[in-house]
Amino acid sequence: MINQIDYTDIQHLKRVVWNQKYTHVALLCKKTVYILNKNFNLLTTINEQFKVSSAVWNTDGVLTYTTKTHLKYALVNGDQGIIKSLET
């Protein structure tokens with residue numbers, strides 16, 4: 001549920017990104033990404049070392065997001081990884 005999210009992170013909420021079917025939502029906080037379903041049940045939490053810049057869902061349900069140093073992906077089941085390192 002949404003009450004599982006750290007209140008201090010919500011204070012730093014930057015963006016809310018829904019997927020195309022409105023079945024999943026990503027909450028982008030300063031250094032954390034929360035992925036929830038449409039009923040606002042928390043599916044996964046991703047903690048980053050650097051600030052999260054932006055994110056977009058693709059049609060296959062993969063969240064692609066950027067930090068200062070990487071282009072990354074995240075799946076609703078919690079799998080995540082680096083797509084590419086970015087030049088700083």
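**Contacts and cores**

Find the residues that Ala 26 touches, not counting residues up to four places away in sequence.

Step one: list the contacts (heavy atoms within 4.5 Å). Ala 26 touches Arg 15, Val 16, Val 17, Val 33, Tyr 34, Trp 57 and Leu 63.

Step two: note the ground rules. The model is predicted, so local features need pLDDT of at least 70 and side-chain atom pairs count only at pLDDT 80 or more, while totals for chains, interfaces and linings use all residues. Residues are numbered from 1 along each chain as its sequence is written, and side-chain values use heavy atoms, with hydrogens and water left out.

Now list the residues of the largest nonpolar core and name the elements that give two or more residues to this core.

A nonpolar core is a set of buried Ala, Val, Leu, Ile, Met, Phe, Trp, Tyr and Cys residues joined through side-chain atoms within 4.5 Å. Buried means under 20% relative accessible area, exposed over 50%, and partly exposed in between, with a 1.4 Å probe and protein chains only. Strands are DSSP runs of E with at least two residues, numbered from the N terminus.

Step two: collect the members. There are 12: Val 17, Ala 26, Leu 28, Val 33, Ile 35, Ile 46, Val 52, Ala 55, Trp 57, Leu 63, Tyr 65 and Ala 74.

Step three: assign them to elements. Two or more residues come from each of β2 (24–28), β3 (32–37), β5 (52–57) and β6 (63–67). β5 gives the most, with three residues.

Step four: check for another core. A second, separate one has five residues, including Val 25, Cys 29, Tyr 34 and Leu 36.

Step one: read the order. Two strands pair if DSSP finds at least two bridges between them.

Step four: look at one pair. Four bridges join β1 to β2. Val 17 stands opposite Ala 26 in β2.

Step one: read the order.

Step two: pair β5 with β6. Five bridges join them.

Step three: pair β6 with β7 (residues 70–74). Four bridges join these strands.

**Positive phi**

Step one: recall the background. Most residues other than glycine have a negative phi.

Step two: take Tyr 22. Its phi is about 60°. Tyr 22 lies in the turn of the hairpin of β1 and β2, which has five residues between the strands. At a relative accessible area of 55%, Tyr 22 is exposed.

Step three: take Phe 40. Its phi is about 65°. Phe 40 sits in the loop between β3 and β4 and is partly exposed at 35%.

Gly 61, in the hairpin of β5 and β6, takes a positive phi near 85°.

Which side chains meet in a salt bridge, and which parts does the pair tie together?

Step one: apply the rule, a side-chain nitrogen of Lys or Arg within 4 Å of a carboxyl oxygen of Asp or Glu. The count is one.

Step two: name the pair. Glu 48 meets Lys 72 at 2.6 Å, N to O. Glu 48 lies in the loop between β4 (42–47) and β5, and Lys 72 in β7, so the pair ties together parts 24 residues apart in sequence.

Step three: check burial. Glu 48 is buried at 13%. Lys 72 is buried, at 13% relative accessibility.
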